[in-house]
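The sequence and structure come before the details.

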Amino acid sequence: MKDYFCAEISESQLNKTITTCGWVATRRDHGGVIFIDLRDHTGILQIVCNPDNKKIFSIAERIRSEYVIQITGKVTSRKKGAVNKDLSTGTIEVVVDKLEILNHSKNPPFKVNDDETNEDQRLQYRYMDLRNFNMQKNLRFRSNLIKLIRNFFYDRGFIDIETPILTKTTPEGARDYLVPSRIHTEKFFALPQSPQLFKQILMIGGFDKYFQIAKCFRDEDLRADRQPEFTQLDVEMSFIEQQNIMRLCEELFSIIFKDLLNIKTKLEFDILEYNDAMNEYGCDKPDLRNPLKLIDIKKILKNIEFKVFSDHVNNKNSRITALKIPGGCTLTRKSIDDYTDSIKKFGAKGLAYIKCENINDIEKGIISPIKKYISKDILQDIIKITDAQSSDLIFFSADKACIVNESMSYLIQRIGSDLRLLKDEWSFTWIVNYPLFKLDAQTKKYTSMHHPFTSPQNIEDLDSEQISEIKSKAYDLVLNGNEIGGGSIRIHNKDVQNKIFKLLGLNDKEIQNKFDFLLNALDYGCPPHGGIAFGIDRIVMLLLGLPSIRDTMAFPKTQSSSCLLTQAPSHVDKEQLTELSIKTLNKK
RNA sequence: GGAGGCGUAGUUCAGUUGGUUAGAACGCCUGCCUGUCACGCAGGAGGUCGAGGGUUCGAGUCCCUUCGUCUCCGCCA
């Protein structure tokens, strides 16, 4: 039906007669001559309908926005004054001598390339929104990324294996999406949160290099970077160490950046220990483009009487940190109040600060509402340990460690971006040496930091009393402050796996019910193995600088997990439920 | 489960202290127009102010409930 895409037509086809198809972006009717901007994913081409061909002209008069048309005509160069510099095809136009309307369109609910359209409109009429050049770009980039990933792994001897979507519910982790079984009354499948156990079993099955672009499902609340169904690059290998996986991933991202973003410079991958990350940044996904860091000042304050600090000085679970903001004296009272307010959602009670207008004049050069509670010596120590210069501002946070960490890591991010402190670069950071367990604040039970199949660094540690001190062979990859992937070396020994389940508080019966198949499989010659998984949607979002992973998906869901295009989820017929032996509760 | 923002024409939005007939831009329709490119000009149509309730002589505006959407907290091994 066509020889070229719209924007493929250029001066190289000058005076040739070509055929192309597309959507009508705009029509400009001058009475005597009609211009049509014809659009496809490549761009826009101006076509000209002259009145001398009455048949064509009358068709052109009936054409409206988003009509699908086919045109044949001669590629003509535009006169000097008529060149449009904003179009890649702006030096030429096609003079039509055949024009066919392939399909009509209702008047569109919004202009296709108007980027002000509200998202609910875009999602309801997603087929219109997908014609937008940005969505075309995003989804085509995503496709190229997946193609590159597949080739990368195929080239290195990896096997792409599909794992079930209908599978078994797993305890811990996220809430499962459940699918009722018709044949097995009162039993349910679960959609996979990840192919974790299947890929481990593939290792036992002798596929020593596996990968998959896998759909995963988690029934949890949504965020800009979280959807109920999302796509992971899932990788697993046998007979490898942590280093092998890390080097492989670094190679993958180097190629992605070179081939897809045309970034040729060698990517640096920082490595940070989990404990250091928490101490310096208050979180396990720091953005190392940001120069702001936390400094512990508990020791300096050990003799202070000021209650805000003294309450926490001798509390093991508390943390007291300083955050120096270079040039922060320019911050207004209003913005400091804003920052103080913004960290209250993490449970922080307040945000003390001192302005170091002149560090050589403690009397007049240091200004702070809390100055009267702090001795000169301590002030000097604080200035020294933070290496504060004149015009810097120092924030203080004293509270339970988790509150300090959450609020201050938020503040680091917020101020870093407000004051434009971030370096303009891509920052990859591996976080390693994670704890194996974390204590759930509500249930007071230990849960896995990564997942229950993660290998401890030393098996003997499992017998120690200090469970929270046990380190794991887990690793996360962080890009510009976003967790894009994580993995671990897995447990390949049945006894070790059993021990972990026990430490997690599972009894024999639960272990049997939930993980019998895994433990059995471990009994039949499981090779040492490990792997990693990456969030494809998140990677596309970051690489393209998008505000949400919804813009990386053709058909995403809203924050309340509904699809505005199809109106899913929806009620089902009673017959369907009966067949599944399901009765709904009338919740009011 | 919680906090906050938004919801007014097809779309994006304005709407003052509660006050007469709810506006703009774009889009749409009709007419004019042979070089525009967000064409232009003239005219026109188009509103359950998300829904329900309340206060009031009077509600787009105030109050309550509710729905939708977005951001965040909790949650997300």
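In which loop is the place of Arg420? Arg420 sits in the loop between helix 12 (401-418) and strand 17 (428-432). Helices (H or I, at least four residues) and strands (E, at least two) are DSSP runs, numbered from the N terminus. The phi of Arg420 is near 55 degrees, a positive value in a residue other than glycine. The peptide bond from Ala568 to Pro569 is cis, with omega near 0 degrees. Pro569 is placed in the loop between helix 15 (536-544) and helix 16 (574-579). As background, most residues other than glycine have a negative phi, and most peptide bonds are trans.

## Model and conventions

This is a predicted model, in which local features need pLDDT of at least 70 and side-chain atom pairs count only at pLDDT 80 or more, while totals for chains, interfaces and linings use all residues. Residues are numbered from 1 along each chain as its sequence is written, chains are lettered from A and ligands numbered from 1 in the order in which they are written, and side-chain values use heavy atoms, with hydrogens and water left out.

An open sheet of 8 strands runs in the order 6-9-10-22-21-20-17-11, with mixed pairing; two strands pair if DSSP finds at least two bridges between them. Strand 6 (159-160) and strand 11 (269-273) are at the edges and have a single partner strand each, so one side of each lacks a neighbour in the sheet. Within this sheet's order, strand 10 (residues 229-238) pairs with strand 22 (residues 529-535) in the antiparallel sense over 7 bridges. Glu236 has Gly531 of strand 22 as its bridge partner.

Helix 4 (residues 133-155) packs on the sheet and touches strand 6, strand 9 (209-217) and strand 10, where contact means heavy atoms within 4.5 Å. The direction of helix 4 makes about 150 degrees with that of strand 9. Axes are lines fitted to C-alpha atoms, for helices over the stretch in contact, and angles run from 0 to 180 degrees between N-to-C directions. Helix 5 lies across strand 9, strand 10 and strand 22, at about 25 degrees to strand 10.

## Helix 14 and its two partners

Helix 5 (residues 196-204) packs with helix 14 (residues 508-522) at an angle of about 20 degrees, their axes being 10 Å apart. These two helices are therefore roughly parallel to each other (angles under 35 degrees; over 145 is roughly antiparallel, 65 to 115 roughly perpendicular and the rest oblique). The contact is made by Leu197, Ile201 and Ile204 of helix 5 with Phe515, Phe517, Leu518, Ala521 and Leu522 of helix 14. By class, the contact of helix 5 with helix 14 has 8 nonpolar, no polar and no charged residues (Ala, Val, Leu, Ile, Met, Phe, Trp, Tyr, Cys and Pro count as nonpolar, Asp, Glu, Lys and Arg as charged, and the others, Gly among them, as polar).

Helix 13 (residues 494-503) and helix 14 pack at about 155 degrees, with axes 11 Å apart. Helix 13 and helix 14 are therefore roughly antiparallel. Residues making the contact include Phe501 of helix 13 and Phe515 of helix 14. The contact of helix 13 with helix 14 divides into 6 nonpolar, 2 polar and 3 charged residues.

## The sheet of 5 strands

Another open sheet has 5 strands in the order 12-13-16-14-15, with antiparallel pairing. Strand 13 (residues 318-325) and strand 16 (residues 392-400) pair over 8 bridges, and Ala322 has Phe396 of strand 16 as its bridge partner.
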